[in-house]
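Here is a short briefing for a first look at this structure. Take the points in order, with the model open beside you.

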Amino acid sequence: MVETAAAERKEKELTALLETMGSVLISFSGGVDSSYLLKIAHGALAPNAVAATGLSATYAAEEMDEAKIVASEIGAEHVLVNTAELTDQRYADNTHQRCFFCKSELYSRLTDLAQSRGIRFVIDGSNSDDLDDFRPGMRAARDLGVRSPLQEVGLSKSEIRFLSERLGLRTWDKPAMACLSSRFEYGDPITVEKLRQVAAAETAVRKLGFRGFRVRHHHEIARLEVPREQFGLAIERADELVEALRTAGYRHGVLDLAGYRSGSTNEVLNARLKSRGLRRSSAL
């Protein structure tokens, strides 16, 4: 349950913080958090708030299209930046530090762009809840001086959704998204071909009416995580799901009875870190 007064206070603090920054380049995915951040930044700084999205095979084409639409609706300038994380073998090897190398590539490109345009700060949409997950990408942000205003004022995901709805943002109830590389178990090398296979599978499943799901890649097996309230739909459309997954190149499709949960790839890592009393977001 969101406490309205607290959320409103944090939004005012966010606006004031952004105003003191003067000019910002926002790492923009078109998701809930970065869309809200862009909306507030545009209101506070107008043309001095620019959205930047990395062009990469690790993000689904429809996500890129939606990012363009959201930025246009907000009225902010939106630039696309080519990234090359897949050429970095450390990234392609897909260790548990994969996100560090991905974000290092992205934030390096954004930092160069900001400097070339005289923009003072690169910022991202990390929120206070992100401190409770294993997110090596946040270390990359710190290393490159990227700031996280939503985190700095203590805004949680539920508060951001609440405030986004009040602002009329289409993203307010958008399911959490993550780059396609998160669909692979650590140690399973990432290739463009595999990314395209997962993207094709998820596009097909989305067309069948599912929301907030993941297709987890296990070689010939696609493990489908859907919210438990959609299990009935999965059974009802089982034959269509099988066909969709086979068309994408999988031999078998299985339904994960635990249902969808964010960051399921990190479950073992998170449990180990918790047992050691470490904060997951900053663990190396």
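Thr4, Ala6, Ala7, Glu8, Lys10 and Glu11 in helix H1 meet Glu159, Phe162, Leu163 and Arg166 in helix H8. Contact here means heavy atoms within 4.5 Å. By class, the residues of this contact are four nonpolar, one polar and five charged. Ala, Val, Leu, Ile, Met, Phe, Trp, Tyr, Cys and Pro count as nonpolar, Asp, Glu, Lys and Arg as charged, and the others, Gly among them, as polar.

This is a predicted model, in which local features need pLDDT of at least 70, side-chain atom pairs count only at pLDDT 80 or more, and totals for chains, interfaces and linings use all residues. Residues are numbered from 1 along each chain as its sequence is written, and side-chain values use heavy atoms, with hydrogens and water left out.

**H1 and H8**
- H1 covers residues 4-21 and H8 covers residues 157-166. Helices (H or I, at least four residues) and strands (E, at least two) are DSSP runs, numbered from the N terminus.
- The axes of H1 and H8 come within 10 Å and cross at roughly 80°. Axes are lines fitted to C-alpha atoms, for helices over the stretch in contact, and angles run from 0 to 180 degrees between N-to-C directions.
- H1 and H8 are therefore roughly perpendicular to each other. Angles of 65 to 115 degrees count as roughly perpendicular, under 35 as roughly parallel, over 145 as roughly antiparallel and the rest as oblique.

**Helix H2**
- H2 spans residues 32-45, 14 residues in total.
- From first C-alpha to last, H2 reaches 20 Å, close to the 20 Å expected at 1.5 Å a residue. The expected span is 1.5 Å times one less than the number of residues.
- Eleven of the 14 residues of H2 are buried (under 20% relative accessible area, with exposed over 50% and partly exposed in between; 1.4 Å probe, protein chains only). Among them are Val32, Tyr36, Leu37, Ile40 and Leu45.
- Just after H2, Ala46 takes a positive phi of about 50°.

**H2 against H3**
- H2 packs with H3 (residues 61-74) at an angle of about 25°, their axes 10 Å apart. That makes the two helices roughly parallel.
- Ser35, Leu38, Lys39 and His42 in H2 meet Val70, Ala71 and Ile74 in H3. This contact has four nonpolar, two polar and one charged residues.

**Ile221**
- Ile221 lies in strand E6 (residues 221-225).
- Ile221 counts as partly exposed, at 32% relative accessibility.
- Not counting residues up to four places away in sequence, Ile221 touches Arg216, Tyr250, His252 and Val254.
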